Amino acid sequence: MSKLKKQEKISMLRTLLTIRKFEEKTIQLYQTAKIWGYLHPYLGQEAVAVGSCAAIEKDDYIVSTHRGHGHCIAKGGDLNKMMAELLGKSTGYCKGRGGSMHIADTELGILGANGIVGGGIPISVGAGFSCKFDKKGRVTICYFGDGASNNGVFHESLNMASIFKLPIIYICENNLYGISMCSKDSVACKNIGDRASAYAMPGYVIDGSDPEEVYKTVSGAVEHARKGNGPSLIEAQAYRFTGHHPNDPAEYREKQEVEYHKTEKDPVHNYSKKLADEKIIGSEELEAMEKEIQKMVDSSVEFAEKSPEPELDKFLEEVKNI
Amino acid sequence: MREIEYREALREAVIEEMDRDPKVFLVGEDIGVYGGAFRVYKGLLDKYGPDRVVNTPISEIAIIGAGIGAALTGYRPISEIMFIDFATLAMDQIVNQAAKIRYMTGDSLNVPLVIRTQGGAGRGVAAQHSQSLEAWFYHVPGLKVVMPATPYDAKGLLKTAVREDNPVMFIEQKMIYLNKGEVPEEEYLIPFGKADIKKEGSDVTIFAYSAMVFEALKAAEQLEKEGISCEVFDPRTLVPLDEEALIESVKKTSRLVVVSEACQRGSIASDISAKVTDAAFEWLDAPIKVVAGLNTPIPYNSTLEKASTPDKKDIIDAVKGLL
Ligand SMILES: Cc1ncc(C[n+]2csc(CCOP(=O)(O)OP(=O)(O)O)c2C)c(N)n1
């Protein structure tokens, strides 16, 4: 596992900021009804996607969730196609059919977000088999939430991945809540990472607000997997800054808890500061980077708004073949 | 009469039944402080405490299993599956267990379990949150299937469901929770297998259930102005089905349009059409017309989503096609 170079750190910061600004924009668009349906913001959890995707290659796979924009961006997803999808346009990743919860990009190894909690976990087993059969040293990262780890699919999949030594990195993003139920109440053991021992794989519990810690742990698990030693389970603790969706007032959380995470555990703020302290990035450079990213996000909205709606006639024709 | 929301009517039914029978309890995801995804159970945790309002992890199999096991041992649980799409995860418990236990055990065990859930399109929540899967349950012997359209029906039928000794799929529709309708203050029950004529008419019978009842009523209203008199027939429960009343209505009008939000392939609508053809062929003056959802996963884009389920206009066209 190599140490992070200066350029790689800057690149991680750039991706953190991109996710942050993209998500802030999607919430605005949701509140003005340009985006509808369900939207699950990734704000607060950016470092998990960024640190983990930095530890894998372009041809590795990821399996994502309903809270998946961050994973997609970190794996190299195209902001224009993402935004167009969120606006239901024909130029979107799913031709406007899927919306927020179903974005996929096969060229980037993004095997899809998912509207079903835990729905991607068994799929990761199959991607893991592909990686193993192909013998190209590829791995699969499977993201899911604390809530998903209480579903049967989690247990079946980890057991199977372990007995067949599949090269999968299971990353549980423990943001403390399913929708309203706290993982302290919903999970029987102390740490979700502890569940690894039931499936005889390495388990880790890490601070998911720190992209370098995520990078380090995931890199280790990737190396373990590429060597043919099988899967790992990493519990990355990171808080979701918003409610479950933008209209959720999240009354089930204590104000203090929210404030603590927003002030002490903001991955974007903390990492910007860290790189500034390490003199890796200057304040002017950072400002310029933020501006540039904001422009990119804004132009993705422009692209999406200018894009055509899917054609009704074509849809009615396609339906005949389903 | 006072008017209340569909979800308030459901809540009232639950409160009345929980107050009447200490064996009734609730189990499901986010039904505690959150009050359920559609706030049907708002305030019930405070009122009844965590033993009777059991807020669970995201574990659909165990939510249904817990309901079955408690039902087998003297309780009357209401298990909630947040979206009917997630019932797919619990199909063993629903189909192989709940539906069959009574029969398989020679009536020695029974499963007085209500499974409350909701389905349907209209909210832009795409293919995995918008399905109309009622036919899956309709198909399985041993399950009752209830799909009320109005607050009045929702309350009266949910109370009956709680008192029913066999498993009931109680399927709501996500677009109608805030609809208001007349609900009396005094207690009432609605028996299963008793249809309700939502509007009387003489030229064509429109069979519609759940949210489609409202599209049928809108269509009937417009057609009335054009001199076409439609009878809107709401079965309210699909299993058991009030076949007698349906045949009665068809004998009167001699024409039938069957509406369903679910797509037609393998649908309840097709089955209704077959049943009526069988029982009342000689009374029909025209072929039965089915107006169903398109055979597609529900798309996210709002124009496509709207196009994929039937509306007033589709029903009007179908009715006119029969005359
Ligand atoms: C099988 C299933 N059950 C329930 C839901 C409804 N639901 C959507 S997101 C969610 C919470 C998921 O919690 P978690 O896995 O911790 O992910 P997070 O939302 O915190 O990112 C629930 C219950 C669903 N989509 N799928």
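A polar contact is taken here as a pair of N or O atoms within 3.5 Å, where, within protein, one atom must be able to donate a hydrogen and the other to accept it. In this predicted model, that rule finds 14 residue pairs in polar contact across the interface of chain A and chain B, both residues of each pair being at pLDDT 80 or more. The count of salt bridges between chain A and chain B, by contrast, is 0.

**The interface between the chains**

The contact between the two chains brings 37 residues of chain A together with 36 residues of chain B, and the area buried between them is about 3,000 Å², with carbon and sulfur atoms giving 64% of it. Of the area that chain A buries against chain B, 22% is supplied by Trp36(A), Tyr38(A) and Phe315(A), which is more than any other three residues supply.

**The ligand site**

Residues from chains A and B surround the ligand, so the site is shared between chains. There are 22 residues around the ligand, and those that come nearest are His66(A), Arg67(A), Gly147(A), Asn175(A) and Glu60(B). The shell divides into 9 nonpolar, 8 polar and 5 charged residues.

| Residue and atom | Ligand atom | Distance |
|---|---|---|
| His66(A), polar side-chain atom | oxygen | 2.7 Å |
| Ala148(A), polar backbone atom | oxygen | 3.0 Å |
| Glu60(B), side-chain N or O atom | nitrogen | 2.5 Å |

Taken alone, the ligand exposes 580 Å², and the protein buries 97% of that area.

**Salt bridges**

Side chains of opposite charge can pair when their charged atoms come close. Over all chains, the count comes to 43 salt bridges. One of the pairs is formed by Arg97(A) and Glu318(A), whose closest N and O atoms are 3.3 Å apart. Arg97(A) lies in the loop between H4 and helix H5 (120–134) of chain A, whereas Glu318(A) belongs to helix H12 of chain A, so the pair ties together parts that are 221 residues apart in sequence.

Note on methods: Residues are numbered from 1 along each chain as its sequence is written. Chains are lettered from A and ligands numbered from 1 in the order in which they are written. This is a predicted model: local features need pLDDT of at least 70, side-chain atom pairs count only at pLDDT 80 or more; totals for chains, interfaces and linings use all residues. Side-chain values use heavy atoms; hydrogens and water are left out. A residue is near a molecule or strand if one of its heavy atoms lies within 4 Å of it. Accessible areas come from the Shrake-Rupley method with a 1.4 Å probe; for residues, only the protein chains shown count as cover. Ala, Val, Leu, Ile, Met, Phe, Trp, Tyr, Cys and Pro count as nonpolar, Asp, Glu, Lys and Arg as charged, and the others, Gly among them, as polar. Contact means heavy atoms within 4.5 Å. Buried area is the accessible area (1.4 Å probe) that two parts lose on being put together, summed over both. A salt bridge is a side-chain nitrogen of Lys or Arg within 4 Å of a carboxyl oxygen of Asp or Glu. Helices (H or I, at least four residues) and strands (E, at least two) are DSSP runs, numbered from the N terminus.
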